Amino acid sequence: MSDLLNKKCVPCEGGVLPFDISQIHKYQKKVDGWDVVKNSKEIYFLEKNFKFKNFIESQKFVNEVGKISEIEGHHPDILFGWGYAKISITTHAIEGLSENDFILAAKIDKISNV
């Protein structure tokens with residue numbers, strides 16, 4: 001994961017191919033506990049559920065994810081409520097996963113382990 005933590009997300013306007021399944025599995029080994037899922041349009045996402053003691057802890061975490069996302073210029077989908085947060089990450093411009101998604105996942109993991 002440390003190599004991902006030292007990288008910065010690169011803006012993606014499309015025009016590149018999303019990772020294939022072998023690339024996805026290679027990078028998935030670098031992040032802890034993120035599931036690879038496909039939606040109904042066959043687009044791959046990284047997803048992870050986080051648990052917290054209460055609503056305030058969930059909200060603090062989501063706010064920190066927002067700060068990281070702004071710095072990286074890469075924004076996940078977030079669902080949260082009392083004691084939980086669910087993060088879904090993909091590169092919308094290419095309809096699939098890229099290195100950016102794994103960089104963001106690693107940086108989110110770092111704040112969740114603090």
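This is a predicted model: local features need pLDDT of at least 70, side-chain atom pairs count only at pLDDT 80 or more; totals for chains, interfaces and linings use all residues.
Reader: Is H4 mostly covered or mostly open?

Author: H4 is mostly covered, with ten of its 14 residues buried. Among them are Phe102, Ile103, Leu104 and Ile108.

Reader: Why would such side chains gather inside?

Author: In soluble globular proteins, nonpolar side chains tend to be buried together. Here, the largest nonpolar core has 23 residues, and Trp34, Phe61, Ile87, Ile89, Phe102 and Ile108 have the most contacts inside it. Helix H2 (21-28), E2, H3, E4 and H4 each supply at least two of its residues, and H4 gives the most, with six.

Reader: Which residues does phenylalanine 61 contact, beyond its neighbours within four places in sequence?

Author: Phenylalanine 61 is in contact with Phe50, Phe52, Ala85, Ile87, Ile108, Ile111 and Ser112.

Reader: And how do I read the sheet?

Author: Strands of a sheet pair through backbone hydrogen bonds, either parallel or antiparallel. In this model, four strands form an open sheet in the order E1-E2-E4-E3, with antiparallel pairing. Strand E1 (35-38) and strand E3 (77-81) are the edges, each pairing on one side only. From one strand to the next, the twist averages 25°. Between E3 and strand E4 (residues 84-89) there are five bridges, and phenylalanine 80 stands opposite alanine 85 in E4.

Reader: Which strands does helix H3 lie across?

Author: Helix H3 (residues 55-72) lies across strand E2 (44-51), E3 and E4, and runs at about 165° to E3.

Definitions and conventions: Residues are numbered from 1 along each chain as its sequence is written. Side-chain values use heavy atoms; hydrogens and water are left out. Buried means under 20% relative accessible area, exposed over 50%, partly exposed in between (1.4 Å probe, protein chains only). Two strands pair if DSSP finds at least two bridges between them. Axes are lines fitted to C-alpha atoms, for helices over the stretch in contact, and angles run from 0 to 180 degrees between N-to-C directions. Contact means heavy atoms within 4.5 Å. A nonpolar core is a set of buried Ala, Val, Leu, Ile, Met, Phe, Trp, Tyr and Cys residues joined through side-chain atoms within 4.5 Å.
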